[in-house]
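Here is a short briefing to read alongside the structure. Have the model open, and let's walk through it topic by topic.

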Amino acid sequence: MTVPEASVPEAASIPETDAWVRLHPLTPLLRGGRFLLVALAIVGQRGLRDASLEVFLAALGVGVPLALSVGWLLWRAMRYRLTDTELQVESGVLTKRSRRVPLARLQSVDVVRPLFARFLGLAELRLEVVGGSGGAEAPLSYLGEQEAHQLRVRLLDLAAGRSAGDSSAPAELEQEQVLVVVPLGPLIWSTLLGAPLVVGVGLVVVLVIAAVVDLTLVGGVLLGAVPLLIGVGSFAVRRMLTEYGFTVAESGDGLRLRHGLLETRSSTIPAGRVQTVRITEPLLWRPFGWARVEVDVAGYSTGGGEEQASTGALLPVAPREFAHRLVARVLGGVPPPVGDRPPRAARWRAPLSHRRLAIGLDAAHLVSTHGVLTTTTEVVPLAKVQSLRLTQGPLQRRLGLTSLHVDTAGRRLPGTVAPHRGDAEAAQLLADSTTRARAARAASAP
Amino acid sequence: MTEQPEAEVAWRRPDRALLRLRRQLTVALLTLPGILGAVVLGVLSGPVAGLAAVAAVAVLTWLMLGAVTRRWAAWGYLEREDDLLVRRGVLLRRTSVVPYGRMQFVDVTAGPLQRRLGLATVTLHTAAAATDASVPGLLATEAARLRDRLAALGEARQAGV
């Protein structure tokens, strides 16, 4: 949250930021299209059952104009305006709604282009702000593609305390440096080397056993496995579609991510907004030395299936050295290596994972590694710490162990835990990280 | 778990009235129905069974009263210069540190039972959902004092998320 100290109001930028603007005029077509699909699903089903083309056509004849006019009314009622400190959105036909989004609370801006919108050259702008409860705070759908990108640059500029007129949008767009484009091969393999492989192998084993015992069982097993296969398959396909062509680029306003095959999404994570970073290395990836990086900013939406197309990945798959370099970049500093191991007593409390437990603490970060099959490493910037907790269960007390929890404002990744440290060490850790978090907070404050 | 030695003296506890309330609740919900059950059992299947049941209820009550007391004694809070410490729990021990600057809002709640005794629970909320810092059984004046002090300190040290 920076104070715009050096922003000299320029005459040229004032009309640009002060006028009310409507969404793209093709919006009713897309919005209405969605409404129409629902209507068709209801009426069309009856038409098909009665096998009468007339009913179907009649439904179409009523439905299309109705959908379009509803869409048009909604479009006419919605407009937005950008001032120097906030984005104002007004919408609603029957119930009027007026929203003010303070730009100081802006966490990230996504430009999403669903498949149909792409055909029309449209895009949707989603803002994430602190305290936004479920779903994007103010989705602007739909804008022209160019307009969406320009608006995003302006929003991020204003949020960072720069004057709107300082940078011309097209120049800013070109100023990015691509760090990595994830190739298709590793993306596909990394997705398959997980639940799909386990389920596949498991199914083959069960089938072989079934075939040996009684051949007639095979059909039943196959039939029973169908829901499981559909579940795993749709997960894998969804992930590949979402993370296809994953590109990470660095620009003046933060890290930019672009990904997606059918629906493309392009998000910007402004510098210094990351609450928690998670690096995961599943067991089956280890021969390849791959890692996955996920980040969370405050207020990123969690609920609402359709809204949550993003998987939260900063990098779906990459060699671990590269992953660690990217983590250092997004955090603006190299996190310390994990080296501090818990006392030997921890193996009684965590027999499967105690070998992996380790933490690292420096002036700016707390890093913790844990996990049984998947090695998970979480990094918390101490400046983002909301609260710290020590917990000790009955068994831990016998063994003289205490766990330290570090909470951040992330929704999907709400901080980390340093499990099963020695009692005295945990108390010292709590004291140390509390003091360092205070110092880091003071240092990052404007 | 070891607390910082210099802090040991200043820990504050919920009011004794909360302990009395919890004890009374234990007696009302466990002992009285237990005795009633034991009497019915005694009438139905003879005095031996009845006396055994009374003894069982007595032991159980004694254990529960001990647990309630330890649970009450484990609650504590400490206002430090930059943060609030809250500790609680006997079986599962928890200590939370919440920097004043991270506070989003403070809740003061009181259920019907607490309200009758003039008690209230103060809960601190931060932007993290996992933050778990609440102190029950504070006298209304102390709850109001704590709430105002926390709110003032939070205002003074507010940091950006």
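Glu124(A) stands opposite Ser141(A), a residue of strand 7 of chain A. That pair belongs to the antiparallel pairing of strand 6 (residues 122-129) with strand 7, both of chain A, which runs over 4 bridges. Please keep in mind that this is a predicted model.

**Two backbone details worth a look**

- In chain A, the peptide bond leading from Ser141(A) to Tyr142(A) is cis, its omega being near 0 degrees. Tyr142(A) lies in strand 7 of chain A.
- His420(A) has a positive phi, near 55 degrees, although the residue is not glycine. You will find His420(A) in strand 20 (residues 416-422) of chain A.

**The six-stranded sheet of chain A**

- Chain A also holds an open sheet of 6 strands, ordered 14-13-12-17-16-15 and paired in the antiparallel sense.
- At the edges of this sheet stand strand 14 (313-319) and strand 15 (358-361) of chain A, each with a single partner strand, so one side of each has no neighbour in the sheet.
- From one strand to the next, the twist averages 15 degrees.
- Strand 16 (residues 365-370) and strand 17 (residues 375-381) of chain A pair in the antiparallel sense over 6 bridges. Ser368(A) has Glu378(A), in strand 17 of chain A, as its bridge partner.
- Helix 7 (residues 184-192) of chain A packs on the sheet and touches strand 13 (290-297) and strand 14 of chain A. Between the directions of helix 7 and strand 14 of chain A there are about 100 degrees.

**Where chain A meets chain B**

- The contact involves 30 residues of chain A and 26 residues of chain B.
- About 2300 Å² is buried between chain A and chain B, with 54% of it on carbon and sulfur atoms. Gln386(A), Gln392(A) and Arg441(A) supply 24% of the area that chain A buries against chain B, more than any other three residues.
- How many salt bridges does the rule find across the interface of chain A and chain B? There is 1, and the side chains of Arg438(A) and Asp82(B) meet in a salt bridge at 3.3 Å, N to O.
- Between chain A and chain B, 9 residue pairs are in polar contact, both residues at pLDDT 80 or more.
- On the side of chain A that touches chain B, strand 18 (387-392), helix 12 (394-399), strand 19 (401-407) and helix 13 (423-444) of chain A each supply at least two residues. Helix 13 of chain A gives the largest share, 8 residues.
- By type, the residues on that side of chain A divide into 13 nonpolar, 9 polar and 8 charged.

Technical notes
Residues numbered from 1 in each chain as written. Chains lettered and ligands numbered in written order. Predicted model: local features only at pLDDT ≥ 70, side-chain atom pairs only at ≥ 80, totals over all residues. Heavy atoms only, no water. Contact = heavy atoms within 4.5 Å. Buried area = accessible area lost by both parts, 1.4 Å probe. Salt bridge = Lys/Arg side-chain N within 4 Å of Asp/Glu carboxyl O. Polar contact = N/O pair within 3.5 Å; in protein donor to acceptor, adjacent residues only side chain to side chain. Nonpolar A, V, L, I, M, F, W, Y, C, P; charged D, E, K, R; others polar. Pairing = 2+ DSSP bridges. Axes fitted to C-alpha atoms, helices over the stretch in contact; angles between N-to-C directions.
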